[in-house]
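Visitor: Please show me the structure, and then let us go through it one question at a time.

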Amino acid sequence: PTKTSDAESPIGGRLDTALRSLYQLSNKGARKLISTGKVSVSEVVCDRWETPVALGEKITVNPSAPNPAKHVALGATLVYQDTALAVLSKPAGLLSAPGHDSDEESALQAASRLCRGPRRPRVVHRLDKETSGLLLFARTIPATRQLQASIQSRQVKRVYRCLVRGEVQGEGSYLSSLLVRDAGKGKRGSRAGSLKVTKLNKAPPREPTPPIFSEDAPHQPRTQWALTRYRVIARHAGFSALEVELFTGRTHQIRIHLSEIGHPIVGEWVYAPRIKREPRLALHAARLTLPHPFSETLLEFEAPWPDELAEHKGTPSAWMSAAQLKKRSDQSRPKRASTTKRPHTAKRPH
């Protein structure tokens, strides 16, 4: 097909076989369409030619769909790029940028592979290694300065989704505190007595005036003020789904604040006891909204809830993609009892 077309599968079986039957394609032609991301089954892109399809299931062919091989590197997906900036969706387990003495793979390396041309990506902000989702890069020095200024002035809106242990009461709150590098046992956390919980119907807390360090208190720990806002999206089976917005971007800020109010993120292991059989850290940078550095255009990006977290019972269906919903629906269907009869075996005479 030369343009987008929809059709019902004429057979039940493999996707490449169904395509050949529908469009009189060669075996090589059908598999090329599938492997380059041009074919969807029930509105879910499939890149494996052996994908099973049911009789009458909807198959969509879009010849202009992007090739996944040109948009994915090191597990990170290119969401957007222009001459000034790039946005990637990184998986959990991938660093945002390498450390000074580290040669570990990172999202910055992925961005360098995916953003072709002389304008190489530059780090603007970071996500924890364990956190998945949207990551912003600049492609020129002026763009770097402008984007960092936008983050400092809080024109960049960063919304995260997470699952936490326990059913959080109320609609949500602002959480503010003074973070220190060592709040006990060598772990980051809030300075004793500084954590404040403010209801959403009240004005958000303001950053306190920086304290004056006198000669009488030369060992006062250096602090960073942090402000987080969360909203409760759903509660189910002893878990809660939250949307969290960062007003300040401190190291492990969301993980610390939610743990300190008694609702650590599912998969947390630093700021709360590890629980066996939990998935990886269930924290995902889901939405990113920002003004373009060189125009008045407002850019908005969204990354779907990760597949590896979709099966957790606390995940609301509103967060899930069509593929995840279909998979959950298939898993919830009762399995048919086998109708195969065992062959009759005659009893041996004693």
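Visitor: Which residue's side chain is joined to that of Thr-315 by a polar contact, and at what distance?

Guide: Before answering, note that this is a predicted model, in which local features need pLDDT of at least 70, side-chain atom pairs count only at pLDDT 80 or more, and totals for chains, interfaces and linings use all residues. Residues are numbered from 1 along each chain as its sequence is written, and side-chain values use heavy atoms, with hydrogens and water left out. A polar contact is a pair of N or O atoms within 3.5 Å, where within protein one must be able to donate a hydrogen and the other to accept it, and residues adjacent in sequence count only if both atoms are side-chain atoms. For Thr-315 the side-chain partner is Trp-305, at 3.3 Å.

Visitor: Is Thr-315 buried or exposed?

Guide: Thr-315 sits in the loop between helix H6 (307-310) and helix H7 (322-332), helices (H or I, at least four residues) and strands (E, at least two) being DSSP runs numbered from the N terminus. Its side chain also reaches the backbone oxygen of Leu-309 at 3.2 Å. Buried means under 20% relative accessible area, exposed over 50% and partly exposed in between, with a 1.4 Å probe and protein chains only; because the relative accessible area of Thr-315 is 3%, Thr-315 is buried.

Visitor: Where is Asp-101 found, and is this residue buried or exposed?

Guide: Asp-101 is found in the loop between strand E9 (85-90) and helix H3 (107-114). Because its relative accessibility is 83%, Asp-101 counts as exposed.

Visitor: How many residues of helix H5 are buried?

Guide: Helix H5 spans residues 253-260 and is mostly covered, with Ile-254, Ile-256 and Leu-258 among its buried residues. What covers them includes E12, strand E13 (172-180), strand E16 (224-236) and strand E17 (239-246), as judged by contact, that is, heavy atoms within 4.5 Å. The number of buried residues in H5 is 7 of 8.

Visitor: Which residues have the most contacts inside the largest nonpolar core?

Guide: A nonpolar core is a set of buried Ala, Val, Leu, Ile, Met, Phe, Trp, Tyr and Cys residues joined through side-chain atoms within 4.5 Å. Leaving aside neighbours within four places in sequence, Leu-242 is in contact with residues including Tyr-160, Val-232, Leu-258 and Trp-319. The largest core has 42 residues, and those with the most contacts inside it are Leu-242, Leu-258 and Ile-265.

Visitor: Which strands each supply at least two residues of the lining of the largest cavity?

Guide: On a 1 Å grid over the protein atoms alone, a cavity is a set of points where a 1.4 Å probe fits but cannot get out, and lining residues have an atom within 4 Å of a point. The structure holds 1 cavity of 30 Å³ or more, and about 40 Å³ of space lies in the largest cavity, where grid points are joined across faces, edges and corners and a volume is the space filled by probe spheres set on the points. His-125, Tyr-160 and Arg-287 are among the lining residues. The strands that each supply at least two are E12 (157-165) and E18 (283-291).

Visitor: What is the volume of the second largest pocket?

Guide: A pocket is an open set with protein on both sides within 12 Å along at least five of seven lines. This one is lined by 39 residues, of which Arg-126, Gly-249, Arg-250, Thr-251 and His-252 lie nearest its centre. The volume of the second largest pocket is about 1,200 Å³.
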